[in-house]
Amino acid sequence: MAHSNHYEILDIDPAASQAEIKQAYRRLAKQFHPDSNREIANNDRITRINAAYEILGDPQRRQSYDRELSFSRQMRSAGAYGGTSSPSWHNRQQRTAAAQNQYRQRQTGRDTDEQLQQWLNQVYQPVNRMISHILNPLKEQIDDLSADPFDDELLEDFQTYLDDCRDYLQKAQRSFRSMPNPSNVAGVAAHLYYCLNQVGDGIDELERFTSSYDEHYLHTGQELFRIAKGLRREAQAALGDLM
């Protein structure tokens, strides 16, 4: 099956900036979304628009696509360009195995009270604080957005919240990696590790909603944040058992 030119699908120039690509995608997604305009809603068109943005919205995948597109033109095989598989979710079992292996390699020597206190001050408390900044405002943000998901100003406010979330997540991840955890809090650290993973995936899903207006991404993001809250509580409970 012939593969359409993603730039043509999004009606943009191949030299367009990433911001222009996102703007074009949001405009088209809103234009053809059935909840926005039922008269011109086109599921097939939306599918092709989403597929194009999956490639062009990612700078690295866009570079690869541009190289393949250039080669395709040189070989005079326009219309026979092979599809690029859409990004898949990381295998959860592989992630879990990798995390468990990581923690088995953590420091196994004798941990002193001083080391534990240092880890609490340098890792646990900053990470817990950053997670709070991400998770706690979500309900209010969703309530505000629900007034009109297609309102550009409300959507811009929600995007600002997501940008702040990414910043907090990066700070939390840096703190988490700043020192190995004492062996007696390995369980606490594992819960935090999984919590940060869920938060990152949740932000990705909510970000996809701001571009596609597809409520599936909004619901999935909320569910991932709910799981993250549970993991955070488990970390707090595990730490409480040690103190």
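Tutor: A residue is called buried when its relative accessible area is under 20%, exposed when it is over 50%, and partly exposed in between. Take lysine 22: its relative accessibility is 22%, so it counts as partly exposed. Keep in mind that this is a predicted model.

Student: Okay. What is the secondary structure of the chain made of?

Tutor: Helices: there are 10 of them, and zero strands. Going along the sequence, you read α-α-α-α-α-α-α-α-α-α. Of the 243 residues in the chain, 40% are buried.

Student: And what share of the contacts with a separation of 6 or more comes from residues 24 or more positions apart?

Tutor: That share is 73%. Histidine 33 and aspartate 214 are 181 residues apart in sequence, yet their C-alpha atoms are 8.4 Å apart in space. Histidine 33 sits in the loop between α2 and α3, and with a relative accessible area of 10% it is buried.

Student: Is glutamate 207 buried or exposed?

Tutor: Glutamate 207 has a relative accessible area of 17%, so it is buried.

Student: Which residue does lysine 30 form a salt bridge with?

Tutor: Its partner is aspartate 152, and the closest N and O atoms are 3.6 Å apart. Here too distant parts of the chain are linked: lysine 30 belongs to helix α2 and aspartate 152 to helix α8, 122 residues apart. Lysine 30 is partly exposed, at 25% relative accessible area, and aspartate 152 is partly exposed as well, at 47%.

Student: What separates glutamate 223 and arginine 226 in helix α10?

Tutor: About one helical turn, because they are three residues apart in that helix. Their side chains meet in a salt bridge, 2.6 Å from N to O. Glutamate 223 is partly exposed, with 34% relative accessibility.

Student: What about charges on the surface? Which residues gather in a patch of negative charge?

Tutor: They are Glu140, Asp144, Glu153, Glu156 and Asp157. Helices α7 and α8 are the elements that each give two or more residues to this patch. The largest share, three residues, comes from α8. Asp157 is found in α8, and its relative accessible area of 43% makes it partly exposed.

Student: One last thing: which residue has a positive phi of about 60 degrees although it is not a glycine?

Tutor: That is tyrosine 213. You'll find tyrosine 213 in the loop between α9 and α10, and at 4% relative accessibility it counts as buried. Aspartate 11 also has a positive phi without being a glycine, about 55 degrees. Aspartate 11 lies in the loop between α1 and α2, but it is exposed, with a relative accessible area of 59%.

Technical notes: Residues numbered from 1 in each chain as written. Predicted model: local features only at pLDDT ≥ 70, side-chain atom pairs only at ≥ 80, totals over all residues. Heavy atoms only, no water. Patch = residues over 30% accessible without salt bridge, like charges linked within 9 Å, V, L, I, M, F, W, Y side chains within 5 Å. Areas by Shrake-Rupley, 256 points an atom, 1.4 Å probe, with all protein chains shown as cover. Salt bridge = Lys/Arg side-chain N within 4 Å of Asp/Glu carboxyl O. Lys, Arg positive; Asp, Glu negative; His and termini not counted. Charge placed at Lys NZ, Arg CZ, Asp CG, Glu CD. Helix = DSSP H or I, 4+ residues; strand = E, 2+ residues; numbered from the N terminus. Buried < 20%, exposed > 50% of the residue type's maximum accessible area, 1.4 Å probe, protein only. Contact = heavy atoms within 4.5 Å.
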